[in-house]
Amino acid sequence: MTLPPTGDLLRLEDVSVRLGGREILTDVSLRIRPGEFTGLIGPNGAGKTTLLRVILGLQPVTTGEVLLDGAPRPHRDSSIGYVPQKLAIEPDMPLRVRDVVSLGLDGQKFGLRLPSRARRELVSDMLTAVGAQRYADARVGELSGGEQQRVMIAHALISRPKLLLLDEPLANLDISSEQGIVSVLARLARAEDVAVLLSAHDMNPLMPVMDRIVYVAAGRVAVGDADEVVQPEVLSRLYGRHVDVIRVHGRILVVAAPEGVEEVEAAAEDVGIAG
Amino acid sequence: MRYIFEPGFFASGPVHVALAVGAVVAITSAVVGVFTVIRGQSFAGHSLADIATTGGSGAFLVGINQFWGFLAFGAGAAAFMEMIGVQRRRGRDVATGVVLGAALGLAALFLYLGTQSSSTTGASFTILFGSIFVITTSTIPALIASALLALATVVVLARVLLLSSLSSDIAAARGVPVRAVGAAFLMALAVSVALSAVIIGAVLSTALLIGPAATALRLARSPIKAVVTAAVLGVLAVWIGIVLAYDSYYWPPAGRGWPVSFFVVTLVVAGYLLTFLRRRPRRSAPHDSHDPEHACSPA
């Protein structure tokens, strides 16, 4: 089946993934346009990582199609940059920050390569772009979580992918590192015209920069502008139970109501307590 | 000088062979060792050494050079480990408890039967603890060729191995055949263990594999520097070990030199421990952890 060409960079059509009899993703359809910043939001275990792995070609789909630039991705290559969930890098790993970024250029190739001035400058420029030039000669295993994320973003972007996937890059970061990473990503996405798909369980740090949101719950997705998607009706349908969306001090909280709350609300309405 | 190098050291044929083969094996072990430690496969190296012991003992029993036994059993074990996925924790536990015990049990049987039939009691010692002064000249080409093969494998895979150790998912997403690369590396590891077994013995072979590499990883920051440092340390340990073993011929009990493997392993361990005396240069840590935003203003 061929779909008509569109301006979409990435397109998922009715993707389902079943693993060991369990449905991990159900009829997921979404589109990402070039240069767009998309948040992949949802609770832990909702299927965010599986969805990213499907896009990368690491997880085969049970049904459905994944199209990159209007065609199935022919082979795994560097067209998609990937920053996996928290890496466990030992402090004695003999890789300096600049080595890690350099591996982003051609780490998948066999044989040795000679160092060159051009490569060195390319790596330095990339490190400057993510604000990691200060620790270019430090071992990557000695860095803090936020510093490592910057290095991995540089590693992923140096091969100039059209799409950058990040799996929970903000998990376990303090607030200032979190903001730093988000602003670096937003700036680079615009400057380099890279589409960003970033998974997170908390959407709030991303609200200022997100063009669109893909909300995942129980293996299903809702896609659209944050205002359209983050609504109690939409999310309740997704979760399959009643969910409240609370906006307080400019932050959004998604709260699942306890079991049986529908009946309580109905009863409350009867006596005129709830509006 | 003559207090360090006892008379006849430089004129001795076995010493020449020992120095040359020792250097080649030390370099191979060190280079393969760096990647073994990076990949967290020291355990696999140790398992291969145990199984190589069985191979060496079997070779002795049937009367062929023990190198072929080390090599055949090591390579077979590497293939088997790849099949059962010994990288996984459960696979490791099973392998430790069952397979390695069985392998060493068999080694004990082979050595017992071998010494019974040939009444050469030195053989057990040679297989377990090495024989760098009695390397059979005819195996030297095979030793060198195996070493070059293992080195070439690691050179070809170097970048891919580094990327996979950073994240096997990134490597896979970029088209690296992660599984095949792992299998090829495991083979190089098996060859390296077999070589090391020839010079310092099957039981001690991991010392030469892991020791210089672990020491180098504490000292060097980049992959190239780590590999070069490990190779230099490995060669130094083997060469100084050979000199001391030669000298020890004049030490008590007189007329019976101490084993080379004792010196090599002691030097390797001493080198590793010495790195703990060196204060590690720390980055200016405290303010870095706050990760302030220098490069760009908030969006």
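A residue counts as buried if 20 or more other C-beta atoms lie within 10 Å of its own, and as exposed if 12 or fewer do. By that rule, buried residues make up 42% of the 275 residues in chain A. The structure described here is a predicted model.

**Chain A as a whole**

Chain A contains eight helices and twelve strands. Its C-alpha trace spans about 80 × 45 × 35 Å along the principal axes. The radius of gyration of chain A is 21 Å, which agrees with the value near 19 Å that a compact globule of 275 residues would have. Of the contacts in chain A between residues at least 6 apart in sequence, 64% join residues at least 24 apart.

Most residues other than glycine have a negative phi.

A:Glu168 lies in the loop that runs between β7 (163–166) and α5 (175–192) of chain A. A:Asp193 sits in the loop between α5 and β8 (195–200) of chain A.

**A helix pair in chain B**

Two packed helices are described by the angle between their axes and the distance between the axes. In chain B, helix α2 (residues 42–62) packs with helix α3 (residues 66–84) at an angle of about 140 degrees, and the axes are 7 Å apart. That angle makes α2(B) oblique to α3(B), because only angles over 145 degrees count as roughly antiparallel. The crossing of α2(B) and α3(B) is right-handed.

On the α2(B) side, the residues in contact include B:Ala44, B:Leu48, B:Ile51, B:Gly55, B:Gly56, B:Ala59 and B:Phe60. On the α3(B) side they include B:Trp68, B:Phe70, B:Phe73, B:Gly74, B:Ala77 and B:Met81. The residues of this contact divide into 13 nonpolar, eight polar and no charged. Glycine counts as polar in this division, and among the glycines in the contact are B:Gly58 in α2(B) and B:Gly69 in α3(B).

Conventions:
Residues numbered from 1 in each chain as written. Chains lettered and ligands numbered in written order. Predicted model: local features only at pLDDT ≥ 70, side-chain atom pairs only at ≥ 80, totals over all residues. Axes fitted to C-alpha atoms, helices over the stretch in contact; angles between N-to-C directions. Helix = DSSP H or I, 4+ residues; strand = E, 2+ residues; numbered from the N terminus. Parallel < 35°, antiparallel > 145°, perpendicular 65-115°, else oblique. Left-handed = near helix turned anticlockwise from the far one by under 90°. Contact = placed C-beta atoms within 7 Å. Rg over C-alpha atoms; globule rule 2.2 N^0.38 Å.
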